[in-house]
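Let's take a look at this structure together. Keep the picture open while you read.

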Amino acid sequence: MKDESDFIIRNVSLADIDIIIEAIIAAEKSGSDVLSYMAVFGLTEEQTKEYLKEMLEEEIDGCELSLSSYLIAESNNEPVAVMAAWIEGEEDVPSSTIKGNLLSYFLPRESMIKAIEKSPVISEMAIEYISNTLCIGIVYVKENFRRKGLVLKLLNEHINRAMADKKDLDIFIQVFGNNIAAINAYKKLGFKEWKVVRSDNKQVMKYLPSNIKYFLKKNIKSNS
Amino acid sequence: MDRKEIIEKLTPVFRNILNNQSLLITDELTANDVDSWDSLSHMLLITEIENTFSIKFKLRELNKMKNIGALVEIIQSKI
C-alpha cells in the first residue's frame, strides 16, 4: 500500500493538460451532474474540453485556467492529483478578469448570447478573491488515490512556495455547499468559514452544483 | 473618437451588464471595485464592448487592461 512518501509533487507542463481538464470538469461539477460550462454556455462536455485545452495552452498566468497555477502529485510517472493555486492580483489584475478574458476570447458568440440571461443568477453566487492572498482554485484526486494525504501534500507545497517571500499569508478556498466531505476535510486542515453565500433563486441549481457556497480561510505565519 | 465619447458609449454597457444604473465609469475603475463584476460578467462586458465599437480585441490586449483607463486607450487605438 502506498504512503505519502511514494508520491512526488511537481510543476505541470503542456503534456499534463488532459488531467488538468479532468480536474477542472470534476471541480466544476463538485460531485453533482451540473457542469456550468454546459448549463451556462450551452456547450457539450466534449466542446468544453476542447475550449479548456485552447485556453490552458495560452499559458496566461493568474487564474484557474493557467497551467502555471497547478501542481501535480505523481505516482510511478502517473499524475494522480492536481491542485491549482495562485496569488490573487499579483499583476494587478483580478483572477476573475483573467478568466473572463480567456472565456470571451475563446468561447463562440452563441455561448455569450446563451450566458447573458443567466449572468445575474450566476453572479449572485460569485465571491471575489482578495488581493495578495493564496487562492486555491481547483482540487482533484483520482478516485483510487483518495485518503492518502495528497491534498495536504499539494497544499503544503503551494504554501511553501507562496511563503518564500511572505511572513503572513491568508489562504482562501471556495467550496459549494453540496460538497460536505470537502468542507469537513478543509476544516480539519485548519480552514474556517469566512463567508457563506446563499441564493434563494431556484434557477441557480440549474447552472451550479449548489445554491450555497462557502468561502473558507486559513492564515499562516512564518516562524522566521 | 475622444476619451469622453468612448466613456459615454461604455457607460450604458457597464451599467446594463453589471446591473448597476448608478455606476460611475472612471479611468481608475477595476473589477475589484464592483461586486457584480465577476468572470462571467467580464466576459459579457468584453463581448458587448466589441459589438458596440465594432472591434475585436487580441488576447494580449485584453490582458493589458488593468482598469477602464487602459481599456479606453486600447479602444482608441483600434477605431
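Start with helix 3 of chain A in this predicted model. Helix 3 of chain A covers residues 45–57, 13 residues in total, and spans 18 Å from its first C-alpha to its last, close to the 18 Å expected at 1.5 Å a residue.

Which residues of helix 3 of chain A are buried? They are T48(A), Y51(A), L52(A), M55(A) and L56(A).

| Helix of chain A | Residues |
|---|---|
| Helix 1 | 17–29 |
| Helix 2 | 36–41 |
| Helix 4 | 95–106 |

After helix 3 of chain A comes E59(A), which has a positive phi, near 55°.

Now for the place where the two chains meet. Chain A brings 23 residues to the contact, and chain B brings 17 residues. On the chain B side, helix 2 (39–53) and helix 3 (59–62) each supply at least two residues. Helix 2 of chain B gives the largest share of that side, 8 residues. By type, the chain B side splits into 7 nonpolar, 8 polar and 2 charged residues.

How confident is the predictor? Chain B has a mean pLDDT of 92, with 100% of its residues at 70 or more. Within chain B, confidence is highest in helix 1 (residues 3–17), at 95, and lowest in helix 3, at a mean of 92. The model scores ipTM 0.91 and pTM 0.91.

Key
Residues numbered from 1 in each chain as written. Chains lettered and ligands numbered in written order. Predicted model: local features only at pLDDT ≥ 70, side-chain atom pairs only at ≥ 80, totals over all residues. Contact = placed C-beta atoms within 7 Å. Helix = DSSP H or I, 4+ residues; strand = E, 2+ residues; numbered from the N terminus. Nonpolar A, V, L, I, M, F, W, Y, C, P; charged D, E, K, R; others polar. pLDDT = per-residue confidence, 0-100. Expected span 1.5 Å × (residues − 1). Buried ≥ 20, exposed ≤ 12 C-beta atoms within 10 Å, placed from the backbone.
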